[in-house]
Amino acid sequence: MVCMGVDHHLSAWILDYLTDRPQYVRTRDCESDMIVCNTGAPQGTVLAPFLFTIYTADFMFSSATCHLQKFSDDSAIVGLITDDDDREYRGLVQNFVDWCQRSCLQINAGKTKELVVDFRRHKQTLSPVNIQGKDIGRVDSYKYLGVHLNNKLDWTNNTEAIYKKGQSRLFLLRRLRSFGVQGELLKTFFDSVVASAIFYGVVCWGSSISTADRKRLDKLIRKASSVLGIPLDTVQEGDSSPLP
């Protein structure tokens with residue numbers, strides 16, 4: 001950490017924080033044996049994202065055709081393959097796997113998926129990526145950091161997921177109103193529970209979803225507006241609103 005510009009006093013404090021951490025699991029009256037941990041980052045702590053960045057800073061890759069995107073346990077490799085030449089892409093995958101093994105990081109090959117986007121009439125016939133002796137399955141859509149991507153590069157899968165989640169949370173909004181909750185408290189619940197689901201990732205998909213998908217999500221917002229009794233921003237207005 002010192003070589004990355006972190007003050008040596010702060011580095012010593014973080015090292016002490018990570019050293020000899022007792023851990024155990026408790027369920028009702030049952031407790032597991034205690035173990036002492038000196039590695040990793042305590043999950044759910046403020047320091048965890050910072051520590052993850054430091055732990056993984058020694059492996060980065062970005063070229064004109066390949067890029068490694070690291071985000072906690074949702075790392076992704078993006079590659080542009082031309083004329084069936086996937087050597088750089090596969091080389092990056094293998095280098096990343098080797099680095100993970102050297103760094104004592106486990107890759108769950110069973111949960112790892114490959115999403116291929118190919119709009120050509122004659123599709124590329126590439127063999128699946130192999131990680132630790134296991135062929136990685138290919139999927140038509142994948143949920144990455146809460147946003148659903150598909151091999152058509154449209155937002156139909158994402159809209160469907162948002163609509164289902166929005167409907168279930170609208171039910172809770174209606175239930176609260178039926179219990180007599182009104183005014184600012186009901187609006188606060190909408191902002192924190194309902195709107196957070198509908199507008200999640202809107203900066204990614206808000207400007208490029210189809211008209212039909214936009215109307216579908218706006219329908220949810222109109223229903224919420226009728227429950228609250230106040231006008232609400234549409235998806236387009238929410239996408240164009242300035243960030244706080």
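Colleague: Why is Asp-83 called exposed?
Modeller: Asp-83 has a relative accessibility of 68%. Exposed means over 50% relative accessible area, buried under 20% and partly exposed in between (1.4 Å probe, protein chains only). At 68%, Asp-83 is therefore counted as exposed.

Colleague: What is the basis of these values?
Modeller: The model is predicted: local features need pLDDT of at least 70, side-chain atom pairs count only at pLDDT 80 or more, and totals for chains, interfaces and linings use all residues. Residues are numbered from 1 along each chain as its sequence is written, and side-chain values use heavy atoms, leaving out hydrogens and water.

Colleague: Which residue other than glycine has a phi near 55°?
Modeller: Leu-145 has a positive phi near 55°. Leu-145 is in the loop between β11 (141-144) and β12 (147-150). Its relative accessibility of 32% makes it partly exposed.

Colleague: How many aromatic pairs does a search of the whole structure find?
Modeller: Four aromatic pairs are found. One of them joins Phe-96 and Trp-99, with 5.8 Å between the ring centres and 25° between the planes.

Colleague: Are Phe-96 and Trp-99 buried or exposed?
Modeller: Phe-96 has 12% relative accessibility and counts as buried. Trp-99 is buried too, at 4%.

Colleague: How do you know that the charged end of Lys-70 sits over the ring of Trp-99?
Modeller: The charged end of Lys-70 is 5.8 Å from the ring centre of Trp-99. The test asks for NZ of Lys or CZ of Arg within 6 Å of the ring centre and within 35 degrees of the ring normal. Arg-216 lies over the face of Tyr-163, at 4.2 Å from the ring centre.

Colleague: What makes Arg-87 and Asp-85 a salt bridge?
Modeller: Their N to O distance is 2.9 Å. A salt bridge is a side-chain nitrogen of Lys or Arg within 4 Å of a carboxyl oxygen of Asp or Glu, so 2.9 Å qualifies. Arg-87 is exposed, at 66% relative accessible area, while Asp-85 is partly exposed, at 36%. The whole structure has seven salt bridges by this search.

Colleague: Which parts does the salt bridge of Arg-138 and Glu-114 tie together?
Modeller: The closest N and O atoms of Arg-138 and Glu-114 are 3.0 Å apart. Arg-138 is in strand β10 (residues 137-139) and Glu-114 in strand β7 (residues 113-115), so the pair ties together parts that are 24 residues apart in sequence. Glu-114 is buried at 8%, and Arg-138 is partly exposed at 39%.

Colleague: What separates Lys-164 and Glu-160 in helix α4?
Modeller: The two side chains meet in a salt bridge at 3.7 Å, N to O. Lys-164 and Glu-160 are four residues apart in helix α4 (residues 156-178), which means about one helical turn. Salt bridges that share partners join Glu-160, Lys-164 and Arg-216 into one network.

Colleague: Why are α4 and α5 called roughly antiparallel?
Modeller: α4 and helix α5 (residues 183-198) pack at about 170°, with their axes 8 Å apart. Axes are lines fitted to C-alpha atoms, for helices over the stretch in contact, and angles run from 0 to 180 degrees between N-to-C directions. Angles under 35 degrees count as roughly parallel, over 145 as roughly antiparallel, 65 to 115 as roughly perpendicular and the rest as oblique. With about 170° between them, α4 and α5 are therefore roughly antiparallel. The contact (heavy atoms within 4.5 Å) includes Leu-173 and Leu-176 of α4 and Phe-189 and Phe-190 of α5.

Definitions and conventions:
Rings of Phe, Tyr and Trp (its six-membered ring) pair if their centres lie within 6.5 Å; planes under 30 degrees apart count as stacked, over 60 as edge-to-face and the rest as tilted. Helices (H or I, at least four residues) and strands (E, at least two) are DSSP runs, numbered from the N terminus.
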